[in-house]
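Subject: Structure handover

Dear colleague,

Here is the structure for you to take over. Please open it alongside this note.

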Amino acid sequence: MSLIQALVLGIVQGATEFIPVSSSAHLVLVPWLLNWPAPSFAFDVLVQWGTLLAVVVYFWRDLIAIARAAIRDLLKGKPVESAEAKLGWLIVLATIPAVALGLAFKDFFESAFGDTRGIAALLIGTAVILAAAERFGRRARTMESIARPDALIIGLWQAVSILPGISRSGATIGGGMLRGLKREAAARFSFLMSIPVMLGAGLIALKDLKEAGDLAAQAPTIAVGFIAAAIVGFAVIHWLLQFLGKRSLYIFAVYCLIAGAGCLVVSFIR
């Protein structure tokens, strides 16, 4: 992979990690459509750390407040006394399904990245999730109203999104909206709960890359992709939160439907 290709894919990762159109699908389908060499699984996951940095920087005040409240409440023997501490534990709860499923079926999920036709079909599945969230979601609740059943169910949606083609942000925002959350509330919770999952996936990929012995060889392209993903990802978070305050998810559902169907057509022609 050239540095230009790494730059393009980093921009793609930063733009599509938070916009609900599946970054995993785009990191597979874009090079496939352009006849570029497929990026390694380690590149895909470690470039995600660029978007991880973006969400940490964007929400750093929230994260500090959550950490302080969690420690304070634990020391008082009341771990969920404050709203911030409660949110922190809800994020932990929402993370458990994806961690359990990801570790149990790691090889299966990695192999799924090689099935371009299946990824295109799952991208259409993302369109269905987004359309269903808009059609059936009541969009009345704030993030402060999130309870343990909500966190667990949204976490299950995140676990489903390990499949390439199912947008993580789309599945979790959609899952939150189907639980009655407003779009902005569902998006903020989705972004916050992405942090431990992306961190864990990156650590696993880094371990695999070190064992393969080609970390130094891939370092330049990973660095370029990482920086591009971080810058673009930060801008996209800011834009999307404003967008969802006024607009629906239907535009992203239409995009996923067209992109998935178009890639299926190309796959059959090829």
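Below are the findings, from overall fold to single residues.

**Ground rules**

This is a predicted model, so local features need pLDDT of at least 70 and side-chain atom pairs count only at pLDDT 80 or more, while totals for chains, interfaces and linings use all residues. Residues are numbered from 1 along each chain as its sequence is written, and side-chain values use heavy atoms, with hydrogens and water left out.

**Overall fold**

The protein has 12 helices and zero strands. Helices and strands here are DSSP runs numbered from the N terminus (H or I, at least four residues, for helices; E, at least two, for strands). From the N terminus the order reads α-α-α-α-α-α-α-α-α-α-α-α. The radius of gyration is 18 Å, close to the 18 Å that the globule rule gives for 270 residues, so the protein is as compact as a globular protein of that length. That radius is taken over C-alpha atoms, and the rule is 2.2 Å times the number of residues to the power 0.38. Along the principal axes, the C-alpha atoms fill a box of roughly 60 × 45 × 35 Å.

Of the 270 residues, 49% count as buried. Buried means under 20% relative accessible area, exposed means over 50%, and partly exposed lies in between (1.4 Å probe, protein chains only). The accessible surface comes to about 12400 Å², and carbon and sulfur atoms hold 70% of it. Areas come from the Shrake-Rupley method with a 1.4 Å probe; for residues, only the protein chains shown count as cover.

Take contacts between residues at least 6 apart in sequence: 81% of them join residues at least 24 apart. Contact means heavy atoms within 4.5 Å.

**Cores**

The largest nonpolar core has 52 residues. Such a core is a set of buried Ala, Val, Leu, Ile, Met, Phe, Trp, Tyr and Cys residues joined through side-chain atoms within 4.5 Å. Val55, Phe189, Phe191, Ile237 and Phe252 have the most contacts inside it. Helix H10 (residues 183–212) gives the largest share of this core, nine residues. A second, separate core has 12 residues, including Ala6, Val12, Val30 and Ala229.

What does valine 55 touch, leaving aside its neighbours within four places in sequence? Its contacts are Phe18, Phe191, Ser194, Ile195, Met198 and Ile237.

H1 (residues 3–16) has 14 residues and should span 20 Å at 1.5 Å a residue; its end C-alpha atoms are 20 Å apart, which agrees. The expected span is 1.5 Å times one less than the number of residues. Its buried residues are Gln5, Ala6, Leu9, Gly10, Val12, Gln13, Gly14 and Thr16. Glutamine 5 has a relative accessible area of 14%. Beyond its neighbours within four places in sequence, glutamine 5 contacts Trp36 and Pro37.

Asp150, Ala151, Ile154, Gly155, Gln158 and Ala159 are its buried residues.

Alanine 67 lies in H4 (residues 60–75). Alanine 67 is partly exposed, at 38% relative accessible area. Its C-alpha atom is 7.4 Å from that of glycine 88, 21 residues apart along the chain.

**Salt bridges**

How many salt bridges does the structure hold? There are eight. The criterion is a side-chain nitrogen of Lys or Arg within 4 Å of a carboxyl oxygen of Asp or Glu.

- Arginine 168 pairs with glutamate 17, closest N and O atoms 3.7 Å apart. The pair links distant parts of the chain, 151 residues apart: arginine 168 is in helix H9 (residues 168–178), glutamate 17 in the loop between H1 and helix H2 (23–33). Arginine 168 is buried at 10% relative accessible area, and glutamate 17 is buried at 3%.
- Aspartate 73 meets arginine 72 at 3.8 Å, N to O. Aspartate 73 is buried at 0%, whereas arginine 72 is partly exposed at 41%.
- Aspartate 150 meets arginine 179 at 2.8 Å, N to O. Aspartate 150 is in H8 and arginine 179 in the loop between H9 and H10, 29 residues apart. Aspartate 150 is buried at 4%; arginine 179 is partly exposed at 29%.
- Salt bridges that share partners join Glu134, Arg139 and Arg183 into one network.

Best regards
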